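Work through the exercises below with the sequence and the model at hand. Each task is followed by a solution in steps.

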Amino acid sequence: MNAEEVLEIGIDPTALGHTVDYLEAHSFGVLAEVDAAGVQGSGPLDGSTWIAVADAASALRDAAEWALMLQPTRARSLLHRAGLLFERIGLDYGFFLAASSVGRLTNEQLELVDARAEHLQAAQPENERDRPPPTDFIAPRNPQQLTYLLMTAAASDNVRERLGPGLHTYVEESELRFGAVPVGALGTPIRDWWAIAERMLRRESPDSVRR
């Protein structure tokens, strides 16, 4: 979009820019407080620190959504940074943002996705709540996070090639492929996301999914 098109939908381009700047500055401020508290490394975060990092990540994501209208390059950078912070607090949404914003993951990120996705190869128990907790990675806490992990794994060539058959079996056997749990800002039913992932694992175009 350009400034004239933004004005046509009732948004002041200048105000839009100020909104992006404010949200980014808010994130910087929150992270500065976290750094001042001496929180470093990749270990578990306590409750208040987790909330602070989540706040900073959400601010960057919101800033990116606004920046997409006029500054797509900046928006991708903001999304990527938000993704790294969401990863830091253990949410697989971070991998999804990182992969979608820059089109690739670092080797370290790919190894993490690979490790977490490998867990999905296990035969699905009758009651998913009976699944033993993994010991080497943070398990997705809810269907939405599981979906973001699955989409990232399906879009990553090296993960898909190594775990493709197992992941495909998991998708086909999971009850979530028929679910109506809303995922994403538009509340898209989880079954649509899983149908896309299934076609990606088959190396089909996501556009083949029937809506």
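**Exercise 1.** Which pattern does the chain follow when read along the sequence?

Solution. The model is predicted. Start with the elements: the chain has 9 helices and 2 strands. Then place them in order, which gives α-α-α-α-α-α-α-α-β-β-α.

**Exercise 2.** Find the residues of the largest nonpolar core that touch the most other members, and find which element gives the most to this core.

Solution. The core holds 53 residues; Leu 78, Phe 86, Ile 89, Met 151 and Trp 194 touch the most other members. Elements giving two or more residues to this core include α2 (13–36), α4 (72–88) and α9 (190–201). The most comes from α3, with 9 residues. For the surroundings of one member, take Leu 78: leaving out residues up to four places away in sequence, Leu 78 touches Val 20, Glu 24, Leu 60, Ala 63, Ala 64 and Ala 67.

**Exercise 3.** Classify Glu 24 as buried or exposed, and list salt bridges that involve Glu 24.

Solution. The relative accessible area of Glu 24 is 13%. Buried means under 20%, so Glu 24 counts as buried. One partner is Arg 74, with the closest N and O atoms 2.6 Å apart. Glu 24 lies in helix α2 and Arg 74 in helix α4, 50 residues apart. Another partner is Arg 81, at 2.8 Å between the closest N and O atoms. Arg 81 is also in helix α4, so this pair ties together parts 57 residues apart in sequence. Arg 74 is partly exposed at 24%, and Arg 81 is partly exposed at 24%.

Key: Residues are numbered from 1 along each chain as its sequence is written. This is a predicted model: local features need pLDDT of at least 70, side-chain atom pairs count only at pLDDT 80 or more; totals for chains, interfaces and linings use all residues. Side-chain values use heavy atoms; hydrogens and water are left out. A nonpolar core is a set of buried Ala, Val, Leu, Ile, Met, Phe, Trp, Tyr and Cys residues joined through side-chain atoms within 4.5 Å. Buried means under 20% relative accessible area, exposed over 50%, partly exposed in between (1.4 Å probe, protein chains only). Helices (H or I, at least four residues) and strands (E, at least two) are DSSP runs, numbered from the N terminus. Contact means heavy atoms within 4.5 Å. A salt bridge is a side-chain nitrogen of Lys or Arg within 4 Å of a carboxyl oxygen of Asp or Glu.
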